Amino acid sequence: MIKRFIIVLALAAIAVGLYPLAWGIQDAEILTEVANEYVENGADDLGAANLVTSVVVSYRGLDTLGEITVLFAATAGVTMLFAARKPKKSGQKGSLADDSRRTGSELLQTGADFLFPILWMFGMYIFVHGHLTPGGGFQGGVVLASAVLLLLFADSDRKMGHTLLQIAEALSGAAYVAVGLLGLWFAAGFLDPRFLAAGEFGQLFSAGAIPVIYALIGIKVGAELTGIVDTMRRSAL
Amino acid sequence: MNITQIVLILGFLLSLIGFWGLLTRRDLFRMIISFSLLDTGVHMIMIGIGYIKGGTAPIFDEALAVGEAVGKVVDPVPSALVLTAIVIGLAVTALMLSYAVRVYTSRKSLSIDAVKELKW
């Protein structure tokens, strides 16, 4: 009883604290100083049509590297949690997977086989065009991983190349940092994409190294999330 | 009521629901769902703060010429933050779910009360 009272009190306190924040606010008319700088000079500076991408990949590129690290830590955590101790083989296999698994229906299997290359291509399209249109490495990577998830739904015993997955993950991560260092060496700073030619504004080959960096991020995110999906699948087998 | 206000209030409401769920539920899966709600609420708040009156997406094309964008586009920084935060949220949710699965396999219960080591 007293516990519930404290919870209600805490929530009420948070609500009262947030209330003036939401109530007094008006639609902003002008951008903050930093954002103004980005909007005013971002396009001429980096040559990317999508300003959000300029911020993610270049202006706040170091933050993105941190985000990738968090993603890596989460994947490592999932792997660690499942790899810690294998439940005993056969007999009592833990109640998670004691029912024999059904494979997917004919419809699902055919659909997954048919859709997989299309989804894969779509994901790559999203992260290669990240500097021109909404989307980018993170979204494209998630699409890649979801395509693999669809395949595993259709046939949960499908073999997957772990080595390939690990190589893709490690190489893209290392290449990401390497491209960042190239920026430090040939241009103004870490993750500065201007060491490659700017190209024509709004074209696929433009914005210096931004498409390269975003493609690497896409591969990295896709490999990490596929790793999570695969670890969960294997642990339940 | 303006747009910023509506989005902020909805975001706060969603976060409060998430907080409430985290504090009152004992079931691990429900706590994870509450955490996702809290996450989404925070994303909405961040996006709401970045809104500019009548602003459009900060992407240059035929409709939005370079050089005249100031005052016409929303703040790109919160958008960039939320863009990455959504994917990170997905991975963190996966981590929490794996923990829930581990707790269930070792203790045959999804209640947080089964994890006595967490109490002090």
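Mentor: Met1(B) has a relative accessibility of 71%, and because the cut-off for exposed is over 50%, Met1(B) counts as exposed. Note that this is a predicted model. Met1(B) sits in the segment before helix H1 (3-24) of chain B. Leaving aside neighbours within four places in sequence, Met1(B) is in contact with Ile6(B) and Ile9(B).

Further along chain B, Ala57(B) lies in the loop between helix H2 (28-49) and H3. The relative accessible area of Ala57(B) is 40%, so this residue is partly exposed. Apart from residues up to four places away in sequence, Ala57(B) touches Leu64(B) and Val73(B). Ala57(B) and Val74(B) are 17 residues apart along the chain, and their C-alpha atoms are separated by 6.1 Å.

In the segment after H3 of chain B comes Lys108(B). Its phi is positive, about 55°, although Lys108(B) is not a glycine. Most residues other than glycine have a negative phi.

Now the contact between the chains. Chain B contributes 48 residues and chain A contributes 56 residues. Between them the two chains bury about 4600 Å², with 76% of that area on carbon and sulfur atoms. On the side of chain B, Phe60(B), Leu83(B) and Arg102(B) supply 13% of the area buried against chain A, more than any other three residues.

Residues of both chains also line the largest cavity. The structure holds one cavity of 30 Å³ or more, and about 90 Å³ of space lies in the largest cavity. Chain A provides Val55(A), Val56(A), Arg60(A), Asp63(A), Thr64(A) and Glu67(A) to the lining, while chain B provides Val77(B), Ala80(B), Leu81(B) and Thr84(B). By class, the lining has five nonpolar, two polar and three charged residues. Helix H3 (51-59) and helix H4 (61-83) of chain A, together with helix H3 (76-107) of chain B, each supply at least two lining residues. The largest share, four residues, comes from H3(B).

At 1.5 Å a residue, the 23 residues of H4(A) should span 33 Å, and the end C-alpha atoms are 33 Å apart, so the two values agree. Among the buried residues of H4(A) are Thr64(A) and Glu67(A), and both of these also line the largest cavity. Other buried positions in this helix include Gly61(A), Leu65(A), Leu71(A), Gly77(A) and Phe82(A).

Ile68(A) is also in helix H4 of chain A. Its relative accessibility is 5%, and because buried means under 20%, Ile68(A) counts as buried. Not counting residues up to four places away in sequence, Ile68(A) touches Phe138(A), Tyr176(A), Ile217(A), Lys220(A) and Val221(A).

Phe138(A), one of the contacts of Ile68(A), is itself buried in H6(A). The other buried residues of that helix include Gly140(A), Gly141(A), Val143(A), Leu144(A) and Leu151(A).

Terms used
Residues numbered from 1 in each chain as written. Chains lettered and ligands numbered in written order. Predicted model: local features only at pLDDT ≥ 70, side-chain atom pairs only at ≥ 80, totals over all residues. Heavy atoms only, no water. Buried < 20%, exposed > 50% of the residue type's maximum accessible area, 1.4 Å probe, protein only. 1 Å grid on protein atoms, 1.4 Å probe; cavity = no way out; pocket = protein on both sides within 12 Å on 5 of 7 lines; lining within 4 Å. Points joined across faces, edges and corners; volume = space filled by probe spheres on them. Nonpolar A, V, L, I, M, F, W, Y, C, P; charged D, E, K, R; others polar. Contact = heavy atoms within 4.5 Å. Buried area = accessible area lost by both parts, 1.4 Å probe. Expected span 1.5 Å × (residues − 1).
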